[in-house]
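Have a look at the structure before reading on.

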Amino acid sequence: MLSNHEALAPAMLPVWIEPARHENGTPSDKFHLVRVRFGADDASIVDVGAVSGKYHFVSNSDIINCVDAVADRFRLDFEPGKPRAARLTKNGHSRMLLHAPAYSYRVPGDPSDIIPMLAIDNGYDGGTPVRFTSGGWRYSCQNLLLWFGEIASSEKRIHKGNWSLEQFVCDGLEALREKIDADRQIAEVLTRVDPDPALVVALYEATPERYRLKFTAAVERYRAEIGRNAWSIVQAASEIVSHTMLRKGQDTWSSDVWMRNMVNSVLESDAVVAARK
């Protein structure tokens, strides 16, 4: 089971809620502390959020156990993602990656498998929602494709109010199943389109300056491997996000937005629009 897999251990640390205390040491009846134990002793306990009584506590362990329980309904068989299946930061934010290798596919002309994947984001601070993002993972280069395609790929719930974790997980898995077919169809179109040089220049200019040389090198490398098509451009952008931005500690949200904008520019280009008619 996923919940027993050591690759997910970094995000499955003990988390609990206890009443906050006033300056005189008496417990508060309005606010609670969300606490995470990062090590063996009490000194490793970190407060990651001060929350009100409206806080809806959902731990990473709860999420993974629920995915395990309902995945069979969707005929999905998950395993922890690679190379880094899970992480949990000191501020209580986490990302867990799950792969569905049994549903991998290949895009014409691309020698690598594309493996459907689910990214699960969670935060214990009271302001970060639980989020499921459906996407893919290119096996040979380990590129993330979380923001590829047009179907709404993200399901989220804030840590407030009454909502069903089971229903939320079901919605996320249904979105993943729908997205597998949709992304595959779009990718096959992109392999048939030779992008306008002006588009490549525009994407270069939209790339943060410190990453432009790496983006240009990635474009040439993927063109040599996959061909001079729009799919190679998407992979080049994905490589910058997966292996440069995130490894340098850039904010995950910012890199995801950049990737989404790059992909949308490709999908909305005249050549791609015409090829999809």
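**Notes on the cores, cysteines and confidence**

1. Of the 75 residues in the largest nonpolar core, the ones touching the most other members are Phe 78, Leu 190 and Trp 231. A core here is a set of buried Ala, Val, Leu, Ile, Met, Phe, Trp, Tyr and Cys residues joined through side-chain atoms within 4.5 Å, with buried meaning under 20% relative accessible area (1.4 Å probe, protein chains only). Helix α2 (residues 165–190) supplies the largest share of this core, 11 residues.

2. Phe 78 is worth a click. Beyond its neighbours within four places in sequence, its contacts (heavy atoms within 4.5 Å) include Leu 2, Val 67, His 99, Leu 173 and Leu 176.

3. There's also a second, separate core of 8 residues, with Val 34, Val 36, Val 48 and Tyr 124 among them.

4. On to the cysteines: searching the whole structure turns up 0 disulfides (pairs of cysteine sulfur atoms within 2.5 Å). For Cys 170, the nearest cysteine sulfur belongs to Cys 66 and sits 6.8 Å away. Cys 170 counts as buried because its relative accessibility is 11%, and Cys 141 does so at 17%.

5. Keep in mind that this is a predicted model: local features need pLDDT of at least 70, side-chain atom pairs count only at pLDDT 80 or more, and totals for chains, interfaces and linings use all residues. Residues are numbered from 1 along each chain as its sequence is written, and side-chain values use heavy atoms, leaving out hydrogens and water.

6. Mean pLDDT (the predictor's confidence in each residue, from 0 to 100) is 88 for the protein, and 96% of its residues reach 70 or more. Helices are DSSP runs of H or I, at least four residues, numbered from the N terminus.

Methods. Buried means under 20% relative accessible area, exposed over 50%, partly exposed in between (1.4 Å probe, protein chains only). Helices (H or I, at least four residues) and strands (E, at least two) are DSSP runs, numbered from the N terminus.
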